[in-house]
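Please read this briefing alongside the sequence and the coordinates.

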Amino acid sequence: MIMDKIALVTTIIGALNWGSIGLFGFDLVAWIGGGADSLISRIIYTVVGLAGIWCVSLLFRTREKFREIGERD
């Protein structure tokens, strides 16, 4: 399903941002958005959070469902 792929990519981007915060103290989203409290940054943080919630559903799907999704793509 395309939504699964979009959510996974978005979650990976968010994880890389958190990694850069942890390792280097650099928040790429805040830098791009003009600060952590700016509207653009908050929208990006929200989208990444929603993508993470969507990815939780991947944990509860059966293998048959994954095969069915793979055959459609």
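The points below are grouped by topic, after a short note on the model.

This is a predicted model, in which local features need pLDDT of at least 70 and side-chain atom pairs count only at pLDDT 80 or more, while totals for chains, interfaces and linings use all residues. Residues are numbered from 1 along each chain as its sequence is written, and side-chain values use heavy atoms, with hydrogens and water left out.

**Fold and burial**

- The protein chain has four helices and zero strands, where helices (H or I, at least four residues) and strands (E, at least two) are DSSP runs numbered from the N terminus.
- Along the sequence, the pattern of the protein chain reads α-α-α-α.
- Of the 73 residues in the protein chain, 19% are buried, a term that means under 20% relative accessible area, with exposed meaning over 50% and partly exposed lying in between (1.4 Å probe, protein chains only).

**Salt bridge**

- Side chains of opposite charge can pair when their charged atoms come close.
- The count comes to one salt bridge, defined as a side-chain nitrogen of Lys or Arg within 4 Å of a carboxyl oxygen of Asp or Glu.
- In this salt bridge the side chains of aspartate 4 and arginine 61 meet at 2.4 Å, N to O.
- The pair links distant parts of the chain, 57 residues apart, with aspartate 4 in helix α1 and arginine 61 in the loop between α3 (39-59) and α4 (63-72).
- Aspartate 4 counts as buried because its relative accessibility is 8%.

**Nonpolar surface patch**

- Leu23, Phe24, Phe26, Leu28, Trp31 and Ile32 form a nonpolar patch on the surface, and together they have about 740 Å² of accessible area, as given by the Shrake-Rupley method with a 1.4 Å probe, where for residues only the protein chains shown count as cover.
- Patches are made of residues with over 30% relative accessible area and no salt bridge, with like charges joined within 9 Å and nonpolar side chains (Val, Leu, Ile, Met, Phe, Trp, Tyr) within 5 Å.
- Both α1 (2-24) and α2 (28-33) supply at least two residues of the nonpolar patch, and the largest share, three residues, comes from α2.
- Isoleucine 32 lies in helix α2, and this residue counts as exposed because its relative accessibility is 56%.

**Largest pocket**

- The largest pocket holds about 210 Å³ of space, a volume being the space filled by probe spheres set on grid points that are joined across faces, edges and corners.
- On a 1 Å grid over the protein atoms alone, a pocket is an open set of points where a 1.4 Å probe fits, with protein on both sides within 12 Å along at least five of seven lines, and lining residues have an atom within 4 Å of a point.
- The lining of the largest pocket has 14 residues, of which Gly14, Asn17, Val29, Ile44 and Val48 lie nearest its centre.
- The largest share of this lining, six residues, comes from α1.
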